[in-house]
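This briefing walks through selected features of the structure shown below, grouped by topic. Please keep the sequence and the coordinates at hand while reading.

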Amino acid sequence: MHVVRCKVCKEHEAILKLDTYRLNLCQGCFDDFVLRRTKKGIRDFKMFGHSERILVAVSGGKDSLGLWDVLVRLGYKADGFYIDLGIKDYSAESKRLAREYADKNGLTLHVRSVPDDFDGLGIRDIAWRTRRKPCSVCGTLKRHLMNRIALDEKYDVLATGHNLDDEVTTLFGNTLHWQVEYLGRQFPVLPAVDEGLQRKVKPLIYLGEKEMAAYVMVRGIPYIYEECPMAKGASSLFYKDVINQLEAHSPGTKLAFLKGFFDLRERFRTEQERPTLTSCTRCGTLTTTEVCAACRLKERLAPPTDAGGVD
Amino acid sequence: MKVRYRDRVLDYPEKVPSREKILKELGLSPLAVLFVDATTGHLLPPGRALTAEMEIEVRAVISGG
């Protein structure tokens, strides 16, 4: 039987080939690789320290559960936060997996539900009724609920499982459409704004999708690997395919593209980046408008209060 | 050999294909998947020969939205 040895320890059989680094790694060395790459991301971008309270946004997928696991193993004070999006079986299963991980490891998981806040409506119904794309509604509500709980429960930092592929894909899309304002804001750390919006960080910035999927598998962490049914046909999936073709042709392209952007990022930053923030007149969340995006969604769903124009 | 990918099942009753051939048939990039031994649930090590008795899962790792 042909056995490929680990390129680092040269002793054990490799379990995974990392094409970007031309590395075959055994289970132990791969585990070490993931921990070191996460530590590097946290250190390079000064994301947080061991004394700070971290809230990890957990979806039940490989990246968020993997991130939570890595942070806890690295000794950080990290709790989880799951948002039930009301997407029938998908939400039920992802919530079960998030709870299972928390219970098994004796960790705190906060749970909020979109249907509880929106008269029983899930993302699909809210999107349909407000004529918006599901991913757009989902993003708005997730940001709102994450900011809310981080503030209410006094967390210092909000951590999300965005990985290298996610960030490269976002950069690719923003560059393709010259979304200069978005380019100015794209970074693995978004600093806190006043007392209302906590710092947001992406510690998996140096780890790709394949590495995170392999990590949760070797750690024996059950995760939901079906694609979110709302994401079907999303541009990001197409972009990821294109980027993977570039990476296959020239390994290292993803990382070089992202690092090159970080070096040039200052050029995209403008004064408009820090708009004046005020408290939402409905819920008190910090917002750039009189009523925050989540409350505006609620108002668009509410039935009219008068008959308006009927004689 | 049986290969499962999401709802699809590919059956190779005679000649065992290479990983590259399986990916080509599924239209997938090697960067977008993991090869899993469906019997044990473990990752299939690189270089490990595929055999006619194996049942393999090609697991997509890409998530979007």
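In chain A, helix 2 (residues 62–73) and helix 9 (residues 209–219) have axes that come within 9 Å and cross at roughly 60 degrees. This is a predicted model, and the points below should be read with that in mind.

**Helix pairs in chain A**

- With their crossing at roughly 60 degrees, helix 2 of chain A and helix 9 of chain A are therefore oblique to each other, and the way in which helix 2 of chain A passes helix 9 of chain A is a left-handed crossing.
- On the side of helix 2 of chain A, the residues that meet the partner helix are Lys62(A), Asp63(A), Leu65(A), Gly66(A) and Asp69(A), while helix 9 of chain A contributes Met212(A), Ala213(A), Tyr215(A), Val216(A) and Arg219(A).
- Another pair is formed by helix 5 (residues 123–130) of chain A and helix 12 (residues 293–301) of chain A, whose axes are 9 Å apart and which pack at an angle of about 70 degrees; helix 5 and helix 12 of chain A are therefore roughly perpendicular to each other.
- In this pair, Ile126(A), Arg129(A) and Thr130(A) of helix 5 of chain A meet Leu297(A), Arg300(A) and Leu301(A) of helix 12 of chain A.

- Chain A holds an open sheet of 6 strands with mixed pairing, in which the strand order is 5-4-3-6-8-7.
- Strand 5 (109–113) and strand 7 (189–190) of chain A stand at the edges of this sheet, and because each has a single partner strand, one side of each is left without a neighbour in the sheet.
- Within the sheet, strand 3 (residues 53–58) of chain A and strand 4 (residues 77–84) of chain A run parallel and are joined by 6 bridges, and Val58(A) stands opposite Tyr82(A) of strand 4 of chain A.
- Helix 3 (residues 88–105) of chain A lies across strand 3, strand 4 and strand 5 of chain A, and it runs at about 160 degrees to strand 4 of chain A.
- Helix 6 (residues 134–152) of chain A also packs on the sheet, where it touches strand 3, strand 4, strand 5 and strand 6 (157–159) of chain A, and its direction makes about 140 degrees with that of strand 4 of chain A.

**The nonpolar core**

- The largest nonpolar core has 84 residues, and of these Ile54(A), Leu55(A) and Val56(A) touch the most other members; helix 6 of chain A gives the most to this core, with 7 residues.
- Once its neighbours within four places in sequence are left aside, Val56(A) is in contact with Ser64(A), Leu67(A), Trp68(A), Leu71(A), Ala78(A), Gly80(A), Phe81(A) and Ala159(A).

**Positive phi values in chain A**

- Most residues other than glycine have a negative phi.
- Lys88(A), although not a glycine, has a positive phi of about 30 degrees; Lys88(A) lies in helix 3 of chain A and is exposed, because 11 other C-beta atoms lie within 10 Å.
- Asp119(A), also a residue other than glycine, has a positive phi near 50 degrees; Asp119(A) is placed in the loop between helix 4 (114–117) and helix 5 of chain A, and it counts as exposed, with 11 C-beta neighbours inside 10 Å.

**The four-stranded sheet of chain B**

- Chain B has an open sheet of 4 strands with mixed pairing, in the order 2-1-4-3, and its edge strands are strand 2 (8–11) and strand 3 of chain B, each of which pairs on one side only.
- On average, and with direction ignored, neighbouring strands of this sheet are turned by 20 degrees against each other.
- Strand 1 (residues 2–5) of chain B pairs with strand 4 (residues 55–60) of chain B in the parallel sense over 3 bridges; Lys2(B) stands opposite Glu55(B) in strand 4 of chain B, and Arg4(B) stands opposite Glu57(B) in strand 4 of chain B.
- Strand 3 (residues 33–37) of chain B runs antiparallel to strand 4 of chain B, and 5 bridges join them, with Phe35(B) opposite Val58(B) of strand 4 of chain B.

**His42 of chain B**

- His42(B) is found in the loop between strand 3 and strand 4 of chain B, and it is partly exposed, with 13 other C-beta atoms within 10 Å.
- From C-alpha to C-alpha, His42(B) and Glu20(B) are 20 Å apart in space, while 22 residues separate their positions in sequence.

Technical notes
Residues numbered from 1 in each chain as written. Chains lettered and ligands numbered in written order. Predicted model: local features only at pLDDT ≥ 70, side-chain atom pairs only at ≥ 80, totals over all residues. Pairing = 2+ DSSP bridges. Helix = DSSP H or I, 4+ residues; strand = E, 2+ residues; numbered from the N terminus. Contact = placed C-beta atoms within 7 Å. Axes fitted to C-alpha atoms, helices over the stretch in contact; angles between N-to-C directions. Core = buried A, V, L, I, M, F, W, Y, C linked by C-beta atoms within 7 Å. Buried ≥ 20, exposed ≤ 12 C-beta atoms within 10 Å, placed from the backbone. Parallel < 35°, antiparallel > 145°, perpendicular 65-115°, else oblique. Left-handed = near helix turned anticlockwise from the far one by under 90°.
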